[in-house]
Amino acid sequence: MRYRLTFVIGLAVGYVLGTRAGRERYEQLKKTARDISQNPAVRNTAESAAQQGRHFAGVAYHTVTEKVGDRVPETVAARVRSLRERSAHNGGAEDDWGTSNT
């Protein structure tokens with residue numbers, strides 16, 4: 001309950017501050033966020049982090065596969081296979097979150 005109350009209070013404070021700042025400040029913040037997200041250094045860092053995440057996910061997958069082996073229920077194994085097939089059919093272009101799988 002404490003976290004819910006904290007969230008509601010934060011939401012209310014954000015609303016009040018947002019309405020006081022007005023549309024002009026909102027547009028300024030939006031432009032700044034867009035400029036940061038389109039910065040090549042930021043994009044390269046984000047892509048590097050994504051590649052490292054995919055690498056470590058692969059390592060974790062192989063480690064878990066070695067430890068668990070055939071003890072995975074068939075329903076889970078079938079779901080994983082279907083997700084892999086779906087990913088292969090999409091050409092690996094984008095995942096559900098719109099990020100590239102390079």
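**Exercise 1. Which residue forms a salt bridge with arginine 54, and how far apart are the closest N and O atoms?**

Solution. Start with the conventions. This is a predicted model, in which local features need pLDDT of at least 70 and side-chain atom pairs count only at pLDDT 80 or more, while totals for chains, interfaces and linings use all residues. Residues are numbered from 1 along each chain as its sequence is written, and side-chain values use heavy atoms, with hydrogens and water left out.

Step 1. Apply the criterion: a salt bridge puts a side-chain nitrogen of Lys or Arg within 4 Å of a carboxyl oxygen of Asp or Glu.

Step 2. Find the partner. Arginine 54 pairs with glutamate 47, and their closest N and O atoms are 3.2 Å apart.

Step 3. Check exposure (buried is under 20% relative accessible area, exposed over 50%, partly exposed in between; 1.4 Å probe, protein chains only). Arginine 54 has a relative accessible area of 27%, so it is partly exposed. Glutamate 47 has 25%, so it is partly exposed too.

**Exercise 2. Find the salt bridges of the structure and place their residues.**

Solution. Step 1. Count: the structure holds three salt bridges.

Step 1. Take aspartate 35. Its salt bridge is with lysine 31, at 2.9 Å between the closest N and O atoms. Both residues lie in helix α1, four residues apart, about one turn of the helix. An α-helix has 3.6 residues a turn, so residues three or four places apart point the same way.

Step 2. Classify this pair. Aspartate 35, at 39% relative accessibility, is partly exposed. Lysine 31, at 46%, is partly exposed.

Step 3. Take glutamate 74. Its side chain meets that of arginine 81 in a salt bridge of 2.5 Å, N to O. Glutamate 74 is exposed at 53%. Arginine 81 is partly exposed at 40%.

**Exercise 3. Compare the end-to-end distance of α1 with that of a straight helix, and locate a bend.**

Solution. Step 1. List the elements (DSSP runs numbered from the N terminus: helices H or I, at least four residues; strands E, at least two). The protein chain has three helices and zero strands.

Step 1. Compare spans. The expected span is 1.5 Å times one less than the number of residues.

Step 2. Locate the bend. α1 bends by about 100 degrees at glycine 22. That angle lies between axes fitted to the seven residues ending there and the seven starting there.

**Exercise 4. How confident is the prediction, and which helix has the highest mean pLDDT?**

Solution. Step 1. Read the chain value. Mean pLDDT (the predictor's confidence in each residue, from 0 to 100) is 81 for the protein chain, and 87% of its residues reach 70 or more.

Step 1. Helix α2 (residues 40-68) has the highest mean, 89. Helix α3 (residues 74-89) has the lowest, 81.
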